[in-house]
Amino acid sequence: MSIDFRNPRTAGEEALAKAVEARLAAEPISGRVGELRRAAAAAFAEHGLPTRRVEEWKYTDLRAAVREAAPLAGAVTASAEAEAGLRAIAFPGAERVLFVNGAYGRGASPLGKLPAGVSAVPLAAALASGSPLLERIGALAPQRYDAALALNTAMLREGLVIHVAAGAKVETPIHIAHVFTADAPLATFTRTLVVVEEGAQVAIIESHQGPAGVAYQANAASEFYIGDGAHVDLVRVQAEGDGALHLGTLVVDMGREVAFHAFQLATGAATARLSLHGRFSGAGSHAGIRGVNLLTGRQHGDVTMVMDHAVPHCESRELFKTVLKDESHGVFQGKIIVRPDAQKTDGRMMSQALLLGEFAQMDNKPELEIFADDVQCGHGATAGALDDDLLFYLLARGIPPAEAQALLVQAFVGEAVEYVEQEDLREALMAQIVARLGGAP
Amino acid sequence: MLDIRNLHASIDDREILKGLDLTLNAGEVHAIMGPNGSGKSTLSYVLAGKDDYEVTAGTATLDGADLLAMAPDARAAAGLFLAFQYPIEIPGVANMTFLRTALNAQRKARGEAEISTPDFLRLVKAKASDLGISQEMLRRGVNVGFSGGEKKRNEILQMSVLEPKLCILDETDSGLDIDALKIVAQGVNALRSPHRAMLVITHYQRLLDHIVPDVVHVMHQGRIVRSGGKELALELEASGYAAYGDAA
């Protein structure tokens, strides 16, 4: 006898399923991408939003977070675009592409002026023209059903397709700025596809932000396909408004001898989740995935990642630092998979949390799944308060408690920021961290 | 300058200081010697304001101000400096940033203007070079990767940049070889001034060959049991602390 555990559909699920059906009917897509979209829609119709019995969502109750589905954002107005342009987090020296309320900001994005070797087209245009790059989209979906990514795929329309030509050394970082400006709780779905050809080098910045006090829902998925010998840096800033739900997905496929460095600074949203799925498809590659989560109030911040060592001789390093004030709740779930052929794998994962609030809570769940016998893998997880002896040393030198604490917290997260290679970016990130920590102690 | 009367302090309900009296005048250097466990380090922590200790009776004033009523950072701004026996490592906070933050915090607390960057750099550079502290060490995290001797020199550097009224040196000689000891002692002696008082806490007489005290106190079971001139240190070196009921 089998027992059906499925819960009745929530109002949120009903509304999302309807929105998906409406989009499928209104904007049919042919070919492989169309099939992909229909499959995702069918999967969502079947599985819906995860309950906490689904292991990957054990610590983040998505059904509760999406009690009601927000209506979809409409077309971008010129005034919203102008406002978004002014509000967008600045990364001096980067070339910016703007998304406003989940839609491409036509007037503010100089796609024709991108550095040599880089071309970008809005996803809607790529879908209309049947761009061959779209053959890559969804090629590396996580093997298990993931509600956030399924919804993103089912709603596929807005986003950006970036191509970096073989051998191109792109000095100017490309900044994809997602700015929410509406004062109504709307839902946005954006998809970014980045295809980096052999031997190329590029830095991509992705930022997500919005106003305080608006319960909007942002679902943003990015896919990176990185060719042999390429070097890709990714900086992701999640600074959504404090009422938002942010569902981020990052899927990365690495060829041979790739260097991939990713860093996420997450400070925003009422509930935020980043699902990261990295896969080594070619030997001799290195991935460094780091992040800083700064949580206050009743914020909930979840980073869930899988590094899949499918081939031998690859190295991965993961380091996540979470600072929790007040009653915030942090989650880190990290899994390293070493497949039977992936000998000489070297993988190390660490999650460290600093609990500053008496009622703050951190859930750390590191996992190793190793099927090869000649590997080096390790993981660690810590959670604790600030060291009293460290604090006293600073106080004894005349540094007041709030400043002493801020200095120690900066030092704590600085260990992760340090890995961002570009000095400008590192400083911009550190400045955002200091500004954020400067608030209520 | 420093006036301690009938000071009692406990940790975890165990009384360590049991009615300690001590007076230091400006310009004086006093040494406190005593066997392990006599309460020397406790005295330094209680004066600096570590909250593990509870003061149950007595007073301690610095130039008439009630030290025990002040938070640790306020005590530092008022001119008290403790050179730690075991200086701690602070990864991620550069030595320079630390020194500058501390100096400016103290100046701000005293109502003085912040020091300018060029003035600060000049000040630190000169003092660091006297103590054999390299630019590279200044850029590193506080005490990170420093040897025992380098950590102690770094304490003296902080002391000379912050220019306190009252310096408390807690077992500054521990873990130092003779060359390192000389450098540290030179740094301390350079800070001797008619406007400053120093309290040198040590187990051994060796340090007092290099930092010659005006007064030597013997501490035992949480009190000062004997005081004398610098020759008292030599006597203790010869006879040990056995006369005070301790074989150390």
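This is a predicted model: local features need pLDDT of at least 70, side-chain atom pairs count only at pLDDT 80 or more; totals for chains, interfaces and linings use all residues.
Chain B as a whole contains 9 helices and 12 strands. Its C-alpha atoms fill a box of roughly 55 × 40 × 35 Å along the principal axes. For 248 residues, a compact globule would have a radius of gyration near 18 Å, and the 18 Å of chain B agrees with this. Of these 248 residues, 42% count as buried. Looking at contacts in chain B with a separation of 6 or more, 73% are made by residues 24 or more positions apart.

N6(B) lies in strand β1 (residues 2-11) of chain B. Its phi is near 50°, a positive value in a residue other than glycine. Is N6(B) buried, exposed or partly exposed? With 13 other C-beta atoms within 10 Å, N6(B) is partly exposed, because a residue needs 20 or more such atoms to be buried and 12 or fewer to be exposed.

I16(B), by contrast, is buried, with 22 other C-beta atoms within 10 Å. This residue is placed in strand β2 (residues 14-24) of chain B. Leaving out residues up to four places away in sequence, I16(B) touches A9(B), S10(B), I11(B), G39(B), T42(B) and G222(B). A238(B) is 222 residues from I16(B) in sequence, and the two C-alpha atoms are 27 Å apart in space.

Chain A can be described in the same terms. Its secondary structure comes to 9 helices and 19 strands. Along its principal axes, the C-alpha trace of chain A spans about 70 × 60 × 50 Å. A compact globule of 441 residues would have a radius of gyration near 22 Å; chain A has 21 Å, which agrees. Buried residues account for 52% of the 441 residues in chain A. Of the contacts in chain A between residues at least 6 apart in sequence, 83% join residues at least 24 apart.

One asparagine of chain A deserves a look of its own. N101(A) sits in the loop between β1 (95-100) and β2 (103-104) of chain A. Its phi is near 50°, a positive value in a residue other than glycine. N101(A) has 27 C-beta neighbours inside 10 Å and therefore counts as buried.

The largest nonpolar core has 207 residues, and V196(A), V202(A) and I226(A) touch the most other members. Which element gives this core its largest share? Helix α8 (residues 401-417) of chain A does, with 8 residues. As for V202(A), its contacts beyond the neighbours within four places in sequence are V118(A), V164(A), V170(A), I174(A), V196(A) and V232(A).

Finally, the two chains meet in a contact that takes 18 residues from chain B and 17 residues from chain A. On the side of chain B that touches chain A, α2 (72-77), β7 (90-94) and α3 (95-109) of chain B each supply at least two residues. The most comes from α3(B), which gives 5 residues to this side. Sorted by class, the side of chain B that touches chain A has 12 nonpolar, 4 polar and 2 charged residues.

Methods. Residues are numbered from 1 along each chain as its sequence is written. Chains are lettered from A and ligands numbered from 1 in the order in which they are written. A nonpolar core is a set of buried Ala, Val, Leu, Ile, Met, Phe, Trp, Tyr and Cys residues joined through C-beta atoms within 7 Å. Helices (H or I, at least four residues) and strands (E, at least two) are DSSP runs, numbered from the N terminus. Two residues are in contact if their C-beta atoms, placed from the backbone, lie within 7 Å. The radius of gyration is taken over C-alpha atoms; the globule rule is 2.2 Å times the number of residues to the power 0.38. Ala, Val, Leu, Ile, Met, Phe, Trp, Tyr, Cys and Pro count as nonpolar, Asp, Glu, Lys and Arg as charged, and the others, Gly among them, as polar.
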